[in-house]
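Reader: I would like to learn how to read a structure like this one, feature by feature. Could you take me through it?

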Amino acid sequence: MADSAGIASFLEGLGCVQVESESQADLIIINTCAIREKAEQKLYSYLGELVDFKKNLPYLKIGIIGCVASYRKQEMLKRFEYISFVSGARDERTTFLTYLADVIVQLQTEKQFFSATALVDDVATVVPLERDVKAAMSERNAIIPARLIKEGSQAAMGGTLAPVGEVKRSFINITTGCNNYCTFCIVPFTRGKETSYPLEDIVLRVTHEVAAGAKEITLIGQNVNSYTCPETGARFAALLEAVAQIPGEFWVRYVSPHPKDMTRDVLEAMARYPEKLCAWCHFPLQSGSSRILELMNRTYTKEEYLAQVALIRALVPGVSLSTDIIVGFPGETHEEYLETREVSAQVGFDMAYSFVYSRRKYTKAYSMGDTCSAEEKAGRLADLQEVLRAGSLVAAQRYVGKNLRVLVEKRGANGKLLARSSGNHRVVFDGDALLIGTFVEVHVVEAGQSELRGELISSPLMIFSEHGLAA
Ligand code: 5AD
Ligand code: SF4
């Protein structure tokens, strides 16, 4: 999301506008995920759907970026003739954005040749662009203007998403890449080595986003809490503190931390600034079996994970916890799965993402022997999800009868307002659309499977009306 938002902001800076559907677009950029095979398959079927758009609009440019682009670049260029460019997640961002600026200029030029009357014969004569961004740029001997270098590094840090009628949320990359090499994970191969952006740049960026109206800032990194400022050596707790001290009314979240880097000072910073730093921690468990955790190279045991959970709960009042869990890692026995089940029930996560292990090229687990059938794995996932659902329902019930401060995000399809609490719970209630983008107080009356239902008790509109400013 941070990468997409960064590119969208950059393109808007060049005068582009976002459209609602592919049929209205001159440029389509697909940001891809390689984490599981399913995500990749979705990409290929989506690419198939785009063929017709390209046929109808010869000057349409379609590009692929992100993690799949990192490791399947040549294959994609060969297989999908109608793709204009492919740029991987590891590729130098400024070069890519300069290229993109070039694409926009070409688009403007080409569009002129494709007015309704000129379309007939010209279709076949469109000269395809050089499609590997790096090669294209070096062949052109392009000199990248200083302005673009600056904007490029800004865009690499993320950007804002604010669809019409919704709250403004900013996603800011504070680190990219990962050095952890969890044995199931392709990310270190698609995103490269971990690097952190300077603390000063991040603080400037957040200040700018808040001034531009962002109400929620999400600090992003593959291993966000191993952040180390390249200039001063400041760690993640210092960054959180610096961001929390920026004036304004906004919330800060971060994803995804690694349990091994969850130090006490991070939790203490969260406790010190509850107004800004959300009482929510996404805390990936992956497995509840210490043997599997070791095979996964997660570097913590079941007991250490549980001790960390206890510390988070002790230090951050009212914290809510979410997690990621994988079932069916190579060699996982039924007993080991039951440990995952047991730990999940014991923790009682507010929310959880759970997956069947997906075998990824390049990873160490790729060549580990697998003993468990696909049916067995699906059974484990279904069973685990039941436990997780029951746990989050119990966890949600602790809010019933309480008042929660929430950030109103948008109006849902059912007419209700959709908001989110500091603990990242979805909260729905009746209210005026003017409240979107504001913080309001809601009384929780019911806890459901996926959301809390509440009633509005105080909002900025009510303050206005108390002073006679609103009808
Ligand atoms: N198979 C299944 N799930 C995976 N994840 C990462 N790699 C794989 C894989 N090969 C999950 C992890 C991670 C989340 C983002 O995706 O749980 O935390
Ligand atoms: Fe992948 Fe592990 Fe890095 Fe997360 S910490 S991105 S799971 S290698």
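Reader: Is tyrosine 181 buried, exposed or partly exposed, and why?

Author: The idea is to count neighbours: a residue is buried if 20 or more other C-beta atoms lie within 10 Å of its own, exposed if 12 or fewer, and partly exposed in between, with C-beta atoms placed from the backbone. Tyrosine 181 counts as partly exposed because it has 13 C-beta neighbours inside 10 Å. Please keep in mind that this is a predicted model, where local features need pLDDT of at least 70, side-chain atom pairs count only at pLDDT 80 or more, and totals for chains, interfaces and linings use all residues. Residues are numbered from 1 along each chain as its sequence is written, while chains are lettered from A and ligands numbered from 1 in the order in which they are written.

Reader: Where does tyrosine 181 lie, and what is its phi?

Author: Helices (H or I, at least four residues) and strands (E, at least two) are DSSP runs, numbered from the N terminus. Tyrosine 181 lies in the loop between β6 (175-176) and α9 (187-191). Its phi is near 50°, a positive value in a residue other than glycine. Asparagine 424 also has a positive phi, about 70°, and is not a glycine either. That asparagine 424 sits in the loop between β14 (417-421) and β15 (426-429), and it is partly exposed because 18 other C-beta atoms lie within 10 Å.

Reader: Which residues surround ligand 2?

Author: A residue is near a molecule if its C-beta atom, placed from the backbone, lies within 6 Å of it. Ligand 2 has tyrosine 181 in its surroundings, together with Cys178, Asn180, Cys182, Cys185, Val187, Pro188, Gln222, Asn223 and His258. For classes, Ala, Val, Leu, Ile, Met, Phe, Trp, Tyr, Cys and Pro count as nonpolar, Asp, Glu, Lys and Arg as charged, and the others, Gly among them, as polar. The shell around ligand 2 then has six nonpolar, four polar and no charged residues.

Reader: How many nonpolar, polar and charged residues are in the shell around ligand 1?

Author: There are seven nonpolar, two polar and three charged residues in the shell around ligand 1. Among those surrounding ligand 1 are Arg36, Asp324 and Arg360, and also Phe184 and Cys185.

Reader: Now the helices. How does the span of helix α16 agree with what it should be?

Author: The expected span of a helix is 1.5 Å times one less than its number of residues. Helix α16 (residues 374-397) has 24 residues and should span 34 Å; its end C-alpha atoms are 35 Å apart, which agrees.

Reader: Which residues of α16 are buried, and what do they pack against?

Author: An α-helix has 3.6 residues a turn, so residues three or four places apart point the same way. In α16 the buried residues are Lys377, Arg380, Leu384, Leu388, Ser392 and Ala396. They pack against β11 (320-327), α15 (334-347), β12 (351-356), β16 (439-447) and β17 (452-458).

Reader: Which residues touch the most other members of the largest nonpolar core?

Author: A nonpolar core is a set of buried Ala, Val, Leu, Ile, Met, Phe, Trp, Tyr and Cys residues joined through C-beta atoms within 7 Å. The largest one has 113 residues, and Ile172, Ile174 and Val442 touch the most other members. Helix α5 (residues 93-113) gives the most to this core, with six residues. Two residues are in contact if their C-beta atoms, placed from the backbone, lie within 7 Å. Leaving aside neighbours within four places in sequence, valine 442 has contacts including Leu404, Val406, Phe429 and Ile457.

Reader: Where is a cis peptide bond?

Author: The bond from valine 255 to serine 256 is cis, with omega near -15°. Serine 256 is in the loop between β9 (251-255) and α12 (264-272).

Reader: And the chain as a whole: how many helices and strands does it have, and what is its radius of gyration?

Author: The chain has 17 helices and 17 strands. The radius of gyration is taken over C-alpha atoms, and the globule rule is 2.2 Å times the number of residues to the power 0.38. With 471 residues, a compact globule would come near 23 Å; the chain has 24 Å, which agrees. Of those 471 residues, 40% count as buried.
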